[in-house]
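Open the model in your viewer and keep the selection tool at hand. This tour goes stop by stop.

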Amino acid sequence: MTHLEQIKQKLGISGIATTTSSWRKLGDDEGKGTQIDLVIDRADRVINLCEMKFSDQPYTISKDYEERLRNRMAIFKEDTKTRKSLVTTMVTTYGILKGIHSGIVQNEVLMDDLFK
């Protein structure tokens, strides 16, 4: 099983048709650029915007990082003109540390999920 198949299985979407890619928008005079590590565009009208983070402990989402994730979602939605629901998904070594800013993340995939 590939890592992508393992991610989809962990998210409970292995039976849903998907297309996957990375995505980026270059910054210009009009606005800032951004990139998304993995986009899983699902046939059920949902898009998982996946961020990959390596850390030697549970990853902490700061106020600034939460803002960056919100901005990425807004730029993606504006640039792609999608009307699908967007879901923030974190793929991390040891998960997300629960805190005031972690609510932006709807799904988590851990290293253990990829190396079973």
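This is a predicted model: local features need pLDDT of at least 70, side-chain atom pairs count only at pLDDT 80 or more; totals for chains, interfaces and linings use all residues.

Select the five strands. They form an open sheet in the order E1-E2-E3-E4-E5, and the pairing is mixed. Look to the edges for strand E1 (18-25) and strand E5 (107-110), each of which pairs on one side only. On average, neighbouring strands of this sheet are turned by 30° against each other, direction ignored.

**Inside the sheet.** Now select residues 34-42 and 46-53. These are strand E2 and strand E3, which pair in the antiparallel sense over four bridges. Find Val39, then look across to E3: Leu49 stands opposite.

**The helix on the sheet.** Which strands does H2 touch? H2 packs on the sheet and touches E1, E2, E3 and strand E4 (85-92). The direction of H2 makes about 140° with that of E3.

**A residue in H2.** Select Asn71, which lies in helix H2 (residues 63-80). Asn71 has a relative accessible area of 36%, so it counts as partly exposed.

**The cores.** Select Ile7, Leu11, Ile13, Leu38, Ile40, Cys50, Val91, Val109 and Leu114. These nine residues make up the largest nonpolar core. Helix H1 (3-11) and E2 each supply at least two residues of this core. Centre on Val91; its contacts include Ile7, Met52, Val109 and Leu114. Last, find a second, separate core of eight residues, among them Tyr59, Leu69, Ile104 and Val105.

Key
Residues are numbered from 1 along each chain as its sequence is written. Side-chain values use heavy atoms; hydrogens and water are left out. Buried means under 20% relative accessible area, exposed over 50%, partly exposed in between (1.4 Å probe, protein chains only). Two strands pair if DSSP finds at least two bridges between them. Axes are lines fitted to C-alpha atoms, for helices over the stretch in contact, and angles run from 0 to 180 degrees between N-to-C directions. Contact means heavy atoms within 4.5 Å. A nonpolar core is a set of buried Ala, Val, Leu, Ile, Met, Phe, Trp, Tyr and Cys residues joined through side-chain atoms within 4.5 Å. Lists of a residue's contacts leave out its neighbours within four places in sequence.
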